[in-house]
Structure formats: structure tokens, C-alpha cells
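Dear colleague,

I am passing on the structure below, together with some notes on what I found when going through it. Please read the notes with the structure open beside them.

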Amino acid sequence: MSYLTGTPAGTASAGTTDVRTGLGVPGIAHPLLAPTEWGELARPGRPLHWVVLDVADGPGVSPDPRCLESAGRLRNGGVRVLGNLDTRYGARAFAEVVSDAQRYLDWYQVDGFLLDRCPAERTALPELRRIVGTLRTLHDAPHIVLGHGTHPFPGYAEHADQLVTFSGAWSDYRWSQVAEWTSDHPPERFCHFVHGVPCGHLDEALRIARWQGAATIWFTDAAARGRLAGPWETMPGYWDELVSRIGTGVSE
């Protein structure tokens, strides 16, 4: 049994009853390696909030025709495509991050960005604010997701459309607790990425996300294998069941 207490997060600022859970896809493998997966994501009617495009730990050094085609199919179907920007927990140079963002826009016409390995501490907020402020000048209303993977200092919420407040294993997620400050924001502001979720625990995982106030999720049965072959690169083995669960909702 997971650690659930109190009332659903986000209740004070936005009723959770009508919030539609959807999928945020954090990084399927390159279309050359996963053509079937990209084709499945482009099928109409999938409950996708957005899909991250990671060409080569960023936009790569030149336009990739396969990535351009895959991103275009999603965007033509009304799905947001986000470029992956690795901030290295705040250690990456400002100019490098902005340069990668500009290449994503020029080559793939992305709709926004996932700032991967985003710092979470208060001291790193000013530089992150600078980066996000610059990204917002490069595109008309880009969708910005901060990939903390944990609950950051609350001030980060003022500078992003969404925050990834959990990224990790099911064994940790099922006993996780939500930060109290998140109840000041609606569920559509938060994302949870969880790997190693057994099929038999899908309903429980979806219920945790609902109670913790995260409307964008990605659950997979794949296990972590290191950064070069992470759990997000393949589709969940129970993809059809996950789509069905989200489409029909999960009872309390």
C-alpha cells in the first residue's frame, strides 16, 4: 500500500475531479532505433500532453531527417514536441543551453523545452530564471518543463509551465510524499516519471499521481540501466493498458 494521506494535492487551487491525466514522454530512443514506438505515438487519439525529442543528448550537430519527420508527424497531429536541454544540474554554460535551444527551434520547430537534470536548490534559481527568460524570447509562448526529478525550492514554480517533481523507481514512488507547497498549484503544473512499475500496480501508481497532484505522468515497466540506456527509451510493455486506464480514468 502506498503512502497516501490527507486530501488530493491541488484541491485548494483547482478541483482535481475534472483534471485529465495525460502522458508526458520523456525521451523515446532515436527514431532510427525505435521507429515503431514513434509511429505509435503519432497515432490519433493518444492521451499525450507532450513528447520530448532528444536527437543526440540535445539537438545534435546537424538536422536529422528521421527526427524531423517524426517530430513533424506529432506536431501535425496536434501533439507538443519539446526539445531536450541538459542543464547538468546548473553546471552547464548559459550560452550552450541557449545555443541548443535555438538549434531545436531552427531545425525541428519544437513547441518548447524539457530542461533535463535541472537544479532544485534555491541558490541555483537566479541562473535558471535567466535561462528560462531567454528561452521565452526565442519562441512565441514556449512550453517549459523543469526536469528536477524531485521537489525543488518553491520559487521555481514561478518560472515554468510544469515541474517534474518525481523521477525514479516504483519502489521509491509508492512510499513517496508530496511537498505541502504544491497544493497551492493545480495538478496540470506537475509531472511524475516512474520506472519499474509492474503492470499489476498501474492503478495504484495512477492513484498516487492523482493524490499527489500530478496530471502529467509517464509510467513504464522498464528498469533503470544507466544514463546511456535509460528506462524511458522504450515504450512500456503494457502501453495499450496504460492508454486505456488514462482514457477511462481511475476511481478513488
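Predicted model: local features only at pLDDT ≥ 70, side-chain atom pairs only at ≥ 80, totals over all residues.

One partner of arginine 92 is glutamate 96, with which it forms a salt bridge whose closest N and O atoms lie 3.1 Å apart, and glutamate 96 is itself partly exposed, with a relative accessible area of 38%. Arginine 92 also meets the side chain of aspartate 100 in a salt bridge, at 2.7 Å from N to O, and in this pair both aspartate 100 and arginine 92 are buried. These residues belong to a network of salt bridges that links Arg92, Glu96, Asp100 and Arg103, and the structure as a whole holds 12 salt bridges.

Another of the salt bridges joins the side chains of arginine 245 and glutamate 241, at 3.0 Å from N to O. The two residues are four apart in helix α7 (residues 239-248), which means that about one helical turn separates arginine 245 from glutamate 241. Arginine 245 counts as partly exposed, at 23% relative accessibility, and glutamate 241 is likewise partly exposed, with a relative accessible area of 29%.

Turning to helix α4 (residues 125-138), its 14 residues should span 20 Å at 1.5 Å a residue, and the C-alpha atoms at its ends are 20 Å apart, in agreement with that expectation. The buried residues in α4 include Leu125, Leu128, Ile131, Val132 and Leu135. Seen down the helix axis, the buried residues of α4 fall within an arc of 120 degrees, and therefore they line one face of the helix. Among the elements that cover these buried residues of α4 are β3 (80-86), α3, β4 (112-116) and β5 (143-146).

Finally, the largest nonpolar core comprises 73 residues, of which Leu41, Leu53, Phe113, Leu115, Leu146, Trp218 and Phe219 touch the most other members. Helix α3 (residues 94-108) gives the most to this core, contributing eight residues. As general background, nonpolar side chains in soluble globular proteins tend to be buried together.

Which residues is phenylalanine 219 in contact with, once its neighbours within four places in sequence are left aside? With those neighbours set aside, phenylalanine 219 is in contact with Tyr173, His192, Val194, Val197, Leu202, Ala205, Leu206, Ala209, Pro236, Tyr238 and Leu242.

With best regards

Terms used. Residues numbered from 1 in each chain as written. Heavy atoms only, no water. Core = buried A, V, L, I, M, F, W, Y, C linked by side-chain atoms within 4.5 Å. Buried < 20%, exposed > 50% of the residue type's maximum accessible area, 1.4 Å probe, protein only. Contact = heavy atoms within 4.5 Å. Salt bridge = Lys/Arg side-chain N within 4 Å of Asp/Glu carboxyl O. Expected span 1.5 Å × (residues − 1). Arc of directions from axis to C-beta.
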